[in-house]
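Here is a briefing on one protein model. Please look over the sequence and the fold before reading the points below.

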Amino acid sequence: MKGIIFTEFLELVEDKFGLGMVDKIISQSELDSGGIYTSVGTYEFSEMLQLISHLSNNTDISVDDLLMVYSEHLFSVLVKTHPDLVKHYKDPMDLLASIENHIHVEVQKIYPEAQLPTFELEERTEEKMVMVYKSERALYMLGKGLMLETFKLFDVPVTIDYEKLNDKGTEVRFIVNKQ
């Protein structure tokens with residue numbers, strides 16, 4: 001997992017819960033990195049699982065809710081640092097439909113070792129989109145949050161429902177409806 005995911009996560013934890021919480025979740029975890037991350041480094045996904053699990057345990061906030069909050073933070077950072085990825089889109093549905101053939105292609109150029117989820121487009125109309133998320137990491141709530149942030153960026157109301165296609169959450173169907 002790319003280091004930017006870790007550095008921004010710890011930045012969020014510090015902003016929302018304080019530096020003491022950052023130290024606490026790092027010390028509670030068994031991290032090969034020692035909790036020292038650079039945005040361009042690559043780290044084990046298991047480290048992120050430990051950090052977010054410890055944060056959840058220490059705050060009594062579910063991992064899913066934490067991922068939704070993190071998605072807001074991460075989206076704003078990504079749009080600020082890589083505005084070219086979104087600037088030529090006029091509609092959030094167009095942006096979401098381009099995840100595989102544009103957004104992820106560009107992300108791979110910036111972070112060649114990034115292991116990105118896939119989003120298969122099953123259905124698309126002007127008002128509705130159905131996409132299937134696939135990732136062994138099962139971070140579908142982060143994906144949902146990033147989709148919601150996409151619609152906020154364009155100031156377009158949306159509802160996003162999902163159904164897990166397996167118990168692990170490694171395959172999830174998202175149903176996106178403009179309101």
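Ile36 counts as exposed, because its relative accessibility is 65%. Here buried means under 20% relative accessible area, exposed means over 50%, and partly exposed lies in between, with a 1.4 Å probe and protein chains only. Ile36 sits in the loop between helix 2 (19-28) and helix 3 (45-59). Its C-alpha atom is separated by 8.8 Å from that of Thr7, 29 residues apart along the chain.

This is a predicted model: local features need pLDDT of at least 70, side-chain atom pairs count only at pLDDT 80 or more, and totals for chains, interfaces and linings use all residues. Residues are numbered from 1 along each chain as its sequence is written, and side-chain values use heavy atoms, with hydrogens and water left out.

**Overall build**

- The protein has seven helices and four strands. Helices (H or I, at least four residues) and strands (E, at least two) are DSSP runs, numbered from the N terminus.
- The order of elements from the N terminus is α-α-α-α-α-α-β-β-α-β-β.
- The radius of gyration of the protein is 16 Å, which agrees with the value near 16 Å for a compact globule of 179 residues. That radius is taken over C-alpha atoms, and the globule rule is 2.2 Å times the number of residues to the power 0.38.
- The C-alpha trace spans about 50 × 30 × 25 Å along its principal axes.
- Of the 179 residues, 47% are buried.
- The protein exposes about 9,400 Å², and carbon and sulfur atoms supply 50% of that area. Accessible areas come from the Shrake-Rupley method with a 1.4 Å probe; for residues, only the protein chains shown count as cover.
- Among contacts between residues at least 6 apart in sequence, 59% join residues at least 24 apart. A contact means heavy atoms within 4.5 Å.

- Glu8 belongs to helix 1 (residues 3-17).
- Glu8 is buried yet has no salt bridge. The nearest side chain of opposite charge is Lys80, 8.7 Å away. For charge, Lys and Arg count as positive and Asp and Glu as negative, while His and the chain ends are not counted.
- Leaving out residues up to four places away in sequence, Glu8 touches Tyr70, His73, Leu74 and Val77.
- His73 lies in helix 4 (residues 63-81). His73 counts as buried because its relative accessible area is 14%.
- With the sequence neighbours up to four places away again left out, His73 touches Glu8, Glu11 and Leu12.

**Salt bridges**

- The structure holds 10 salt bridges. Each is a side-chain nitrogen of Lys or Arg within 4 Å of a carboxyl oxygen of Asp or Glu.
- One of them joins Lys2 and Glu113, at 2.8 Å from N to O. Lys2 lies in the segment before helix 1 and Glu113 in the loop between helix 6 (99-110) and strand 1 (118-124), so the pair ties together parts that are 111 residues apart in sequence.
- Lys2 is buried, at 6% relative accessibility. Glu113 is partly exposed, at 47%.
- Another joins Lys134 and Glu120, with the closest N and O atoms 3.1 Å apart. Lys134 is in strand 2 (residues 128-134) and Glu120 in strand 1, 14 residues apart, and the pair links distant parts of the chain.
- Lys134 is partly exposed at 29% relative accessibility. Glu120 is partly exposed at 38%.
- Arg173 and Glu163 also meet through their side chains, at 3.4 Å from N to O.
- Glu163 is partly exposed, with a relative accessible area of 37%.
- Glu122, Glu163 and Arg173 are linked in a network of salt bridges.

**Strands 3 and 4**

- Strand 3 (residues 158-164) and strand 4 (residues 171-178) pair in the antiparallel sense over seven bridges. Two strands pair if DSSP finds at least two bridges between them.
- The bridge partner of Ile160 in strand 4 is Val176.
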